[in-house]
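This report describes selected local features of a single chain. Please consult the sequence and the model while reading.

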Amino acid sequence: MTGLTTLGQFIIEKQADFPYAKGELSRLLRDIGIAAKIVNREVNKAGLMDILGDAGSTNVQGESQKKLDVFANDQFISALRSGGECCIVVSEENDEYLYIDSEISKNAKYIVAMDPLDGSSNIDVNVSVGTIFSIFRRKSTEGKATLEDVLQKGVDQVAAGYVIYGSSTMLVYTTGKGVNGFTLDPSIGEFCLSHPNMTIPKDGHIYSINEGYYTHFPDGVKKYIKYCQVEDEATNRPYTSRYTGSMVADLHRNMIKGGIFIYPITAQAPNGKLRLVYECNPMAFIIEQAGGFASNGYQRILTLDVTELHQRSAIFIGSCNMVKRAEEMMACFSPQITKTSFEGVVNIQ
Ligand code: P6P
């Protein structure tokens, strides 16, 4: 394995970047990597097992849970519980936060918020799916960690990452000192450093949005979509539309090639669809560390107040020049939308 750097080796090497680190965060990232390998094994053979299809249950969002959703959730929670470095787990699949009340976790100082299997509607059609995770340090210093320790702004994250289960399986993460990508080598069962110091191009030519909701988009989004579609050689337009229905897959592609991903408010999702705590904030942290930007159309995602566990947000994320252009369109054509109901959307001039 000469020349190969495994995820474990990399984490240990980079631990030196944190002078006061005593290894807890390193062990936490290791635990997540282990769970990702187990989930990957099941995702890759889902078609062969009775693990496809619905688990017959629904999550807090009222979305039907695929069996792999539930399996992935269980695996990550189990790894975090046995690793002993995490005191609270927040998951898209659990209504309430999970307090890890065990002897080995009693001094744990980290909180993990995750979407264990994002894009799960794509599982049965073999389109890439992903895991998204966000790591915070608890703010309270004694007693049991509480909801207040969870509801922290995105700027307070200490680490964030995603796993993409695609043509290859990659784990991409940041601890606030750049972004690094690791590709799973099944022959040795290790994530190996394959994309050091990932950066997203400042500009791109790919826009990702579900245009099926076009009629319900704010005017600023409609104007931006039309901007993407105009013939203009000087700015390499029209752009290309790419949308998989899997946020991790769309963002990973845009990270590599440049582009913008938008999930705005719609009639079906008057506050946006994607969740702030375990989808928008971690992806925003990663993209900003790679030189991109993430906004809700008006405000930097990472500075948004977090008031609820499963709070939703609109998101415009990717190449910074593209996100800034979209924000200009929102400011011009959908200034400061205030929602009473979607039908009651009013623009304050
Ligand atoms: P729509 C998957 O359910 C997800 O949370 C994201 O991964 C994805 O980008 C989005 O929802 C797709 O939503 O409404 O376009 O199907």
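D69 is located in helix α3, which spans residues 67-83; helices here are DSSP runs of H or I with at least four residues, strands are runs of E with at least two, and both are numbered from the N terminus. The model is predicted: local features require pLDDT of at least 70, side-chain atom pairs count only at pLDDT 80 or more, and totals for chains, interfaces and linings use all residues. Residues are numbered from 1 along each chain as its sequence is written, and side-chain values use heavy atoms, with hydrogens and water left out.

With a relative accessible area of 2%, D69 is buried; buried means under 20% relative accessible area, exposed over 50%, and partly exposed in between, for a 1.4 Å probe and protein chains only. The side chain of D69 forms a polar contact with the side chain of S120 at 3.1 Å. Such a contact is a pair of N or O atoms within 3.5 Å; within protein, one must be able to donate a hydrogen and the other to accept it, and residues adjacent in sequence count only if both atoms are side-chain atoms. Residues up to four places away in sequence aside, D69 touches S64, E93, P116, L117 and S120, where contact means heavy atoms within 4.5 Å.

E85 is found in the loop between α3 and β3 (86-91). E85 counts as buried, at 9% relative accessibility, and its side chain makes a polar contact of 2.7 Å with the side chain of R27. When neighbours within four places in sequence are left aside, the contacts of E85 are E24, R27, L28, L80, A108, K109 and Y110.

**Backbone features**

| Residue | Phi | Relative accessibility |
|---|---|---|
| N126 | N126: about 60° | N126: 72%, exposed |
| N197 | N197: about 45° | N197: 57%, exposed |

N126 has a positive phi although it is not a glycine, and its loop runs between β5 (110-118) and β6 (129-137). N197 likewise has a positive phi without being a glycine; N197 sits in the loop between β10 (190-195) and β11 (206-208).

R237 and P238 are joined by a cis peptide bond, with omega of about 10°. P238 belongs to the loop between α5 (219-229) and β12 (240-241).

**Confidence**

The average pLDDT of the chain is 90, and 91% of the residues score at least 70; pLDDT is the predictor's confidence in each residue, from 0 to 100. Across residues 340-345 the pLDDT is below 50, and this stretch has 9 contacts in the model beyond near neighbours in sequence.
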